Amino acid sequence: MALRHAVLAALLDGELSGYQLTKAFDLGVANFWHAQPQQLYAELTRLEKDGLIAGRAVVQETRPTKRLFHVTDAGLAELEEFTAASAKPSFIRDDLLVKIQAADHVDTEALIAQLTERAAFAQAKIGLFGKVLRTMRGDRTEEEFLLHGHRIGPYLTCLRGLAFEQGNRDWCEHTITVLRDRQQTHARH
């Protein structure tokens, strides 16, 4: 997947400025595709040049003029072609896993500290995902929203982000327990 497809997907809900796009990425798309703000702005320029999005200037009284972008018919066709193609399986690439791989030969206190930090990060993201999901579905139950909601794509990807972070938190907590138990067992011997 190219960044262009992630940007096109993020713009499906309506016009966004570059700033709003970076915020939308932080709350939704970043669950499965990470990009720095400068990458997003550069991609907006390329997409507009390629005719996949269109931008318009909005004059603001107390702020600089901003540009709002929306997906064009050509952009929708690009997304249609992208979604029809086979998806490649994803792979984990995480430096913390490399460190844990070496757990039998390194200072486990340093690993426990990093795992604790990662678990706290995951817990914070879990809270954020819960809030976003509640906002998306409003007063509907999840089942009602998934059957009758206007746009379920962002909701489903948010659910995946939630499950991902829950898995991260649970794995970190389990790994901390294992490392601590091993420390105690080795200290007794």
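These notebook entries record what I looked up in the structure above.

**Entry 1: the model.** I noted that this is a predicted model, in which local features need pLDDT of at least 70, side-chain atom pairs count only at pLDDT 80 or more, and totals for chains, interfaces and linings use all residues. Residues are numbered from 1 along each chain as its sequence is written, and side-chain values use heavy atoms, with hydrogens and water left out.

**Entry 2: helix α6 by itself.** I located α6 at residues 108-137; helices here are DSSP runs (H or I, at least four residues), numbered from the N terminus. I then checked its length: at 1.5 Å a residue, its 30 residues should span 44 Å, and the end C-alpha atoms are 43 Å apart, which agrees. The expected span is 1.5 Å times one less than the number of residues.

At the N-terminal end I found a cap, Asp107, with a side-chain oxygen 3.0 Å from the backbone nitrogen of Glu109. After the helix comes Gly138, whose phi is positive, near 65°.

I listed buried residues of α6, among them Leu111, Ile112, Leu115, Ala119 and Ala122. Buried means under 20% relative accessible area, exposed over 50%, and partly exposed in between (1.4 Å probe, protein chains only). I kept in mind that an α-helix has 3.6 residues a turn, so residues three or four places apart point the same way.

**Entry 3: α6 against α8.** I looked up how α6 packs on helix α8 (residues 153-188): the angle is about 155° and the axes are 8 Å apart. This makes α6 roughly antiparallel to α8. Angles under 35 degrees count as roughly parallel, over 145 as roughly antiparallel, 65 to 115 as roughly perpendicular and the rest as oblique. By class, the contact has 20 nonpolar, eight polar and eight charged residues. Nonpolar covers Ala, Val, Leu, Ile, Met, Phe, Trp, Tyr, Cys and Pro; charged covers Asp, Glu, Lys and Arg; the others, Gly among them, are polar.

**Entry 4: α1 and α4.** I turned to helix α1 (residues 3-10), which packs on helix α4 (residues 73-84) at about 120°, with axes 10 Å apart. The two helices are therefore oblique to each other. I found α1 mostly covered, with six of its eight residues buried: Leu3, His5, Ala6, Val7, Leu8 and Ala10.

**Entry 5: Ala42.** I placed Ala42 in helix α3 (residues 37-49). Ala42 is partly exposed, with a relative accessible area of 30%. Its C-alpha atom is 9.8 Å from that of Gly18, 24 residues apart along the chain.

How values were computed:
Axes are lines fitted to C-alpha atoms, for helices over the stretch in contact, and angles run from 0 to 180 degrees between N-to-C directions. A polar contact is a pair of N or O atoms within 3.5 Å; within protein, one must be able to donate a hydrogen and the other to accept it, and residues adjacent in sequence count only if both atoms are side-chain atoms.
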